[in-house]
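I opened this entry to record a few look-ups, one residue at a time. The structure comes next, then my notes.

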Amino acid sequence: MARQLAKEWEDKLMAHRRLQEEYERFVQTQPRSLSAAEREAIVHLAHNVPALWHAPTTTMAERKEMVRQISQRVIVAGEGLSERLQITIAWIGGGSTAGVITRPISRIEHLSDDPRLCERIRALAQAG
């Protein structure tokens with residue numbers, strides 16, 4: 001009887017040790033919680049993103065990393081073959097920013113203003 005109790009005790013201790021080790025591995029894989037001071041520091045830094053972005057000491061690689069950290073996705077849509085691109089940035093916080101940028105083109109007739117420019121050139125040529 002004593003041997004049986006001792007064996008069951010050892011089995012229970014081993015099971016407890018195994019569960020404890022599994023729990024420790026689980027805890028190590030979980031992201032740790034931020035302290036109030038760490039949260040406050042992040043909020044403070046978030047308000048200073050423009051200053052950090054424009055600082056002369058910030059490298060292009062650091063700017064790229066900043067964008068990767070705060071953007072969820074970037075949508076780029078070209079307007080045909082023209083130089084105009086519609087850009088929409090979806091931010092991680094849920095907001096978005098939209099705008100138009102200009103890209104280089106290979107042919108003058110791909111300019112979005114090409115018909116207007118041609119008409120202006122004709123008018124100026126006729127006017128002398």
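**Threonine 58**

I looked up the contacts of threonine 58 and found Leu52, Trp53 and Arg63, leaving out residues up to four places away in sequence; contact means heavy atoms within 4.5 Å. The model is predicted, so local features need pLDDT of at least 70, side-chain atom pairs count only at pLDDT 80 or more, and totals for chains, interfaces and linings use all residues. Residues are numbered from 1 along each chain as its sequence is written, and side-chain values use heavy atoms, without hydrogens and water.

I placed threonine 58 in the loop between α3 and α4 (60–70); helices are DSSP runs of H or I with at least four residues, numbered from the N terminus. Is threonine 58 buried or exposed? I noted it as buried, with a relative accessible area of 8% (buried is under 20%, exposed over 50%, partly exposed in between, with a 1.4 Å probe and protein chains only). I also noted that its side chain reaches the backbone oxygen of leucine 52 at 2.6 Å.

**Asparagine 48**

I found asparagine 48 in the loop between α2 (36–47) and α3 (49–54). Asparagine 48 is partly exposed, at 31% relative accessible area. What does its side chain make a polar contact with? I noted the side chain of histidine 44, at 3.2 Å (a polar contact is a pair of N or O atoms within 3.5 Å; within protein, one must be able to donate a hydrogen and the other to accept it, and residues adjacent in sequence count only if both atoms are side-chain atoms).

**Tyrosine 23**

I located tyrosine 23 in helix α1 (residues 2–29). Tyrosine 23 is partly exposed, with a relative accessible area of 48%.

Notes. Helices (H or I, at least four residues) and strands (E, at least two) are DSSP runs, numbered from the N terminus.
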